[in-house]
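This report considers charged and aromatic contacts between side chains. Please look at the structure before reading on.

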Amino acid sequence: EQWFTEQLAGDGDPTPWLVVAQQVVMAGIDVLGSVNTDQWDGFPTKRKELLAAMQDKNVVTLSGDIHASYASVEEGIPALTGPAISSGTVAELAGTAVVGAGYAQGSAIYQYVVREMDDTLKAGNEGLVFSNSEAHGFLTVEFRAGEALATYHLIPSSEVRKDYSLRSNSELQRQFTTQSLRIQDGQITEA
């Protein structure tokens, strides 16, 4: 912790951007009052201290390993969470859990928890600007002097398990959609 805060303090030279890249998600995603100890919101005191140390430093946090895409502003700090091309999405994992708990896919519980997940998350998390719990993909960030441009490249789950090795590159490229966001002055807006 001491080393990290010393690095944030720097040597006094102005730096256009400081990027904190980590696998632990900085975005606070509150789901019905629960916290996730695989994310920083599971450690609220330390999370608050880290966010305080990043204040007024033009910091962006990048993280992943959550099977979803999120962009939020946490106490003035932009936090980007990149998706993965992996085993399953958060929506798929939640769907399995809901069905396993005895609720049918057509039930109101399934609708609220799985199909309306992104709207539910945005409604319950004030700083959440972008949420996609259904797609795989990757995140690119271009840093410029006065702004950063984050682009989420998303592919539907149904396409992840398909073998594209014998198909044209354009066929795979057509499956991707993008969501671009502008980061400027501690805020995230659509680009």
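## Contacts of side chains

At 48% relative accessibility, K48 counts as partly exposed. This residue belongs to a predicted model. The side chain of K48 meets that of E75 in a salt bridge, with 3.4 Å from N to O. Because K48 lies in helix α2 and E75 in the loop between β3 and β4 (77-81), the pair ties together parts that are 27 residues apart in sequence. E75 is also partly exposed, with a relative accessible area of 41%.

Nine salt bridges are found in a search of the whole structure. Three of them are listed here.

| Salt bridge | N to O distance |
|---|---|
| K46 and E1 | 2.9 Å |
| E74 and R47 | 2.4 Å |
| K48 and E75 | 3.4 Å |

The pair of E74 and R47 links strand β3 (residues 69-74) with helix α2. E74 counts as buried at 11% relative accessibility, and R47 counts as buried at 11%.

In one of them, the ring centres of W17 and F143 are 5.5 Å apart and the planes stand at 55 degrees, so the pair is tilted. W17 is in the loop between α1 (2-9) and β1 (18-21), while F143 is in strand β6 (residues 135-143), 126 residues apart. W17 is buried, at 11% relative accessibility, but F143 is partly exposed, at 32%.

A charge and a ring meet as well: the charged end of R167 sits over the ring of Y164, 4.7 Å from its centre.

Conventions
Residues are numbered from 1 along each chain as its sequence is written. This is a predicted model: local features need pLDDT of at least 70, side-chain atom pairs count only at pLDDT 80 or more; totals for chains, interfaces and linings use all residues. Side-chain values use heavy atoms; hydrogens and water are left out. Rings of Phe, Tyr and Trp (its six-membered ring) pair if their centres lie within 6.5 Å; planes under 30 degrees apart count as stacked, over 60 as edge-to-face and the rest as tilted. Helices (H or I, at least four residues) and strands (E, at least two) are DSSP runs, numbered from the N terminus. Buried means under 20% relative accessible area, exposed over 50%, partly exposed in between (1.4 Å probe, protein chains only). A charge sits over a ring if NZ of Lys or CZ of Arg is within 6 Å of the ring centre and within 35 degrees of the ring normal. A salt bridge is a side-chain nitrogen of Lys or Arg within 4 Å of a carboxyl oxygen of Asp or Glu.
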